[in-house]
Amino acid sequence: MNQTVVIDIVGLSSSLLKHKDLFLTQWIKKNQISKIKPVLPAVTCAVQSTYLTGKWPKDHGIVANGWYFKDECEVKLWRQSNHLVEAPKIWDMAKAINPEFTCSNMFWWYNMYSNSDFNVTPRPQYRADGQKKPDCYSKPEHLRDKLQTELGTFPLFNFWGPNTSIKSTKWIAEASKLVHNWHEPTLQLVYLPHMDYVLQKYDNESIILKDLKELDDVCKDLITFYEDKGVKVILLSEYGINPVKAPFHINRLLREHGYIKIREENGLELLDAGISPAFAMADHQIAHIYINDKSNVETIKSLLNNCPEIDLVLDAHNQSQYHINHERSGDLVIVAKPAYWFTYYYWLDDKKAPDFARNVDIHKKPGYDPAELFIDPKKKLMLTRIAFKLFKKKLGFRTMLDVIPMDAKLVKGSHGAINVDEAYHPLLVQSKNSDNESTSSIEATDVCQIIMNHIFSDL
């Protein structure tokens, strides 16, 4: 078996390779590059599960970063159990070929409770006094403590939220090197998320280039580390991030047509999914429309087909063309045109928005919220406010970090759609002397076998 590392550089596409002086640009040029046809939906959990199983979402069941759990009548995103992936994973396949195979999963999703051997994933502590503390989860258990002794606590608040920075990506890279040195896994999966945040937040080329250079330094160090040890290196990305010009408030549209039911608590509105005739679970540029009253399917389909911001409206029949026909999928799956993305917003008056709308709260929101990457620009002295609130938390007082804006127009980039320009297609880069057939375009389902070929081919 050949030791192999797969480095997932989120957001990497040919649109970023115009900068000729970057290490990544030069390294990629020396190797074999393929564009990966976007999988629907082109979002983290669905794409990673497709890469690691070689199956489509219709088979592995990960139809987005979250979905409507019909038995609980709740939308849930960012669950972590690997048991949610309904297909054998690459480590299961490899262990069946050679029981001595080992795998390290460094921050790829659905990391918990898998048959992989050395795993680390974000897992904050939610304390009884209301504090949220940075931490991570590992397998085996002592790996978490060993890594945090060496590197400090995992910088969770640099991993997601308005304080995101290269710091979390550097931590993951350094942790991956340590795990390799300690355990020498046959396959190591490494997740480098930094450009994901940058490209959603900014359209300023100078800012993007500055952050790209920071990531480039991390990649240079990491790739050199593995190559010096004779480890085969594969670079890939899950999606490219294309510029967007406007959000589309899909749940507001449904509410205006009488499909959304809310309940009011403390003067604020909460989506009541269980009794709503229909609602949307919005996730970047795709949304699952769950229709509790099936008599409304054709009417809602017609409504959505008349929206100029929407590219595809897929019912149960034509979802099969896009390999997303799974019981977890909505009765309709909609895909935005490349210049648009879907919010989860369902309130019509910001004064009625739920309290969690102004917080970083990925588990309460019935959809993805990239506004969590920003601090509300309309509020004055925000850094002072944040410092005061954090001080109160340290003293044991409960307080909300209600600093997130509800201005979806701040978002500059998105992903999830499939009918995007090839400049924003994800990439796979492997060595030119690889046994894999050289091709300029591959399916997302091909990635699993490409990795297997690297591991089990003759040197």
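**Helix H7 and a helix pair**

H7 has these buried residues: His 194, Met 195, Asp 196, Tyr 197, Val 198, Leu 199, Gln 200 and Lys 201. Buried means under 20% relative accessible area, with exposed over 50% and partly exposed in between (1.4 Å probe, protein chains only). This is a predicted model, in which local features need pLDDT of at least 70 and side-chain atom pairs pLDDT 80 or more, while totals for chains, interfaces and linings use all residues. Residues are numbered from 1 along each chain as its sequence is written, and side-chain values use heavy atoms, without hydrogens or water.

H7 covers residues 194-201, and eight of its eight residues are buried, so the rest of the structure largely encloses this helix. Helices (H or I, at least four residues) and strands (E, at least two) are DSSP runs, numbered from the N terminus.

What do the buried residues of H7 pack against? Two helices are among the partners: H6 (166-183) and H8 (205-228). Strands S10 (187-192) and S21 (413-414) also take part. Contact here means heavy atoms within 4.5 Å.

Now turn to another pair. Helix H4 (residues 90-97) and helix H12 (residues 447-456) have axes, lines fitted to C-alpha atoms over the stretch in contact, that come within 11 Å and cross at roughly 35°. Such angles run from 0 to 180 degrees between N-to-C directions. H4 brings Ile 90, Met 93, Ala 94 and Ile 97 to the contact. H12 brings Cys 448, Ile 451, Met 452 and Phe 456. By class, this contact has eight nonpolar residues, no polar and no charged. Nonpolar covers Ala, Val, Leu, Ile, Met, Phe, Trp, Tyr, Cys and Pro; charged covers Asp, Glu, Lys and Arg; the others, Gly among them, are polar.
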